[in-house]
Amino acid sequence: PRRDEILTKARSEFLEALVGLSDMTEIARLTFDFISTLMPCEAGFIVMLNSANRNDSTEILYMFDTEENGDMIIETIRDKGVTVIGANFEHVISQNRPYIIHRTPGQVQEIKIIQTPIISGRTRPSISLAYFPLKSHGRLVGVLSVQCYQYDAYDHESVVQLESISTEVALALSAARATEALRENQRALSTLMGNLPGMVYRCRNDIDWTMEFLSEGCLELTGYSSGDFIDEAKIIYNDIIHPDDRMRVFEEVQEALIEKSFFELTYRIITADNKERWVWAKGRGLLSDDGAVIALEGFVTDITEHRVAEEALRRLGTAVEQSAEAIVISDEHGVIQYVNPAFENITGYKSNEAVGQNSRILKSNKHELKFYKDMWDTISRGETWKGHIINKKKSGELYEEDATISPIRDAAG
């Protein structure tokens with residue numbers, strides 16, 4: 001009775017401690033410490049399967065061996081792809097029930113190397129071995145093995161006692177594994193978001209855009225830390241949206257939510273150092289089962305440089321279109337790509353008539369071939385040609401002009 005009381009108390013303390021653990025190695029360590037109070041346990045391991053398919057790669061989480069002087073060697077092998085090979089291990093997986101082996105003295109003499117040397121380099125064979133399937137919600141998730149250097153060490157009572165805790169161990173390990181996988185996913189997601197040229201956000205669908213999450217890119221984009229919007233609430237996001245854009249942004253987002261579609265918009269923000277930036281935002285509403293908007297999730301990135309370049313091109317285009325001088329853009333073979341309105345007025349060719357034609361349509365034949373050769377040689381060298389030229393209009397009428405022809409280089413020169 002005294003022995004039963006001790007074991008009951010030890011089991012209760014073990015299960016209570018198990019509940020508070022989320023680290024797989026610590027769960028394994030606690031498990032083997034407890035097993036050592038139940039039965040001889042001088043070597044062993046826990047293996048987690050990647051799936052119920054026994055042919056999948058396995059992961060050795062914990063192994064230990066006890067030196068002959070009683071000192072325990074503990075190692076953790078977390079490298080995936082390490083496979084425990086052996087008929088005993090395969091037998092437990094295929095049969096899905098405990099497997100006990102008691103070797104005879106003759107068998108022990110025949111065995112030179114077993115699985116244990118994977119961690120300690122030892123060659124001393126175990127004599128008694130017990131393998132137990134670890135099941136979580138009825139599914140095989142791993143194998144627990146205990147071994148010792150004593151003959152006939154594991155009786156029926158030992159097997160029953162170990163079986164009684166195997167389910168709790170399997171559940172704890174499975175939960176810890178899921179938690180670890182979640183942490184890794186969160187770490188990978190955090191790294192990914194940190195590398196994005198902008199910020200990922202989650203906010204409420206209110207007029208203030210009350211922020212619930214902001215990635216690290218918030219600081220570089222806005223000049224404010226995520227904590228300024230969330231933890232300390234020093235500022236609300238709507239306050240940094242340009243006053244002239246606030247209502248438009250709100251209306252466009254609400255329209256997308258009604259249509260249950262993504263919203264995509266550009267607007268201006270005022271940064272912490274009072275600078276104006278253009279941003280591009282894309283996101284969508286997160287909806288509950290009954291269709292209510294729970295939150296908005298999306299991405300915002302800085303497009304100020306793009307916007308400035310776009311505006312510069314727009315101004316340049318306006319200047320070209322409104323110029324009183326004829327402007328022509330052709331490719332390197334002289335094929336016309338663009339003409340402005342002044343060209344149409346001067347030559348009589350409409351844009352749709354000139355584009356696609358070779359600039360030779362303006363040739364008057366009033367210049368010698370050397371004149372044209374010198375002009376194209378200059379342009380081909382990447383230099384600007386300037387000169388007085390006689391051209392021919394669509395009507396056949398000749399006209400004279402002072403022309404400047406400059407090569408346009410791409411990024412490669």
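Predicted model: local features only at pLDDT ≥ 70, side-chain atom pairs only at ≥ 80, totals over all residues.
**Exercise 1. In what order do the five strands of the open sheet lie, and which strands are at its edges?**

Let's start with the pairing in general. Strands of a sheet pair through backbone hydrogen bonds, either parallel or antiparallel.

- Step 1: In this open sheet, the order of the five strands is 8-7-11-10-9, and the pairing is antiparallel.
- Step 2: Strand 8 (211–214) and strand 9 (263–270) each pair on one side only, which makes them the edge strands.
- Step 3: On average, and ignoring direction, neighbouring strands of this sheet are turned by 30° against each other.

**Exercise 2. How many bridges join strand 9 to strand 10, and which strands does helix 10 lie across?**

- Step 1: Look at strand 10, residues 276–287; eight bridges join it to strand 9, and the two run antiparallel.
- Step 2: Now find helix 10 (residues 246–259), which lies across strand 9, strand 10 and strand 11 (293–302).
- Step 3: Relative to strand 9, helix 10 runs at about 160°.

**Exercise 3. Is the pair of Phe 229 and Tyr 237 stacked, tilted or edge-to-face?**

A pair of aromatic rings is described by the distance of the centres and the angle of the planes.

- Step 1: The count of aromatic pairs comes to seven.
- Step 2: For Phe 229 and Tyr 237, the ring centres are 6.0 Å apart, which is within the 6.5 Å needed for a pair.
- Step 3: Their planes stand at 50°; planes under 30 degrees apart would be stacked and over 60 edge-to-face, so this pair is tilted.
- Step 4: Phe 229 has a relative accessible area of 6%, so this residue is buried, because the cut-off is under 20%.
- Step 5: Tyr 237 is buried too, at 5%.
- Step 6: Together with Tyr 224, Phe 229 and Tyr 237 form one aromatic cluster.

For comparison, take Phe 371 and Tyr 372: their centres are 5.4 Å apart with 90° between the planes, an edge-to-face pair. Here Phe 371 is partly exposed at 23% relative accessibility, whereas Tyr 372 is buried at 13%.

**Exercise 4. Over which rings do Lys 282 and Arg 307 lie?**

- Step 1: Start from Lys 282, which lies over the face of Phe 262, 5.3 Å from the ring centre.
- Step 2: Then move to Arg 307, whose charged end sits over the ring of Trp 278, at 3.8 Å from its centre.

Definitions and conventions. Residues numbered from 1 in each chain as written. Heavy atoms only, no water. Pairing = 2+ DSSP bridges. Helix = DSSP H or I, 4+ residues; strand = E, 2+ residues; numbered from the N terminus. Axes fitted to C-alpha atoms, helices over the stretch in contact; angles between N-to-C directions. Contact = heavy atoms within 4.5 Å. Buried < 20%, exposed > 50% of the residue type's maximum accessible area, 1.4 Å probe, protein only. Lys NZ or Arg CZ within 6 Å of the ring centre and 35° of its normal.
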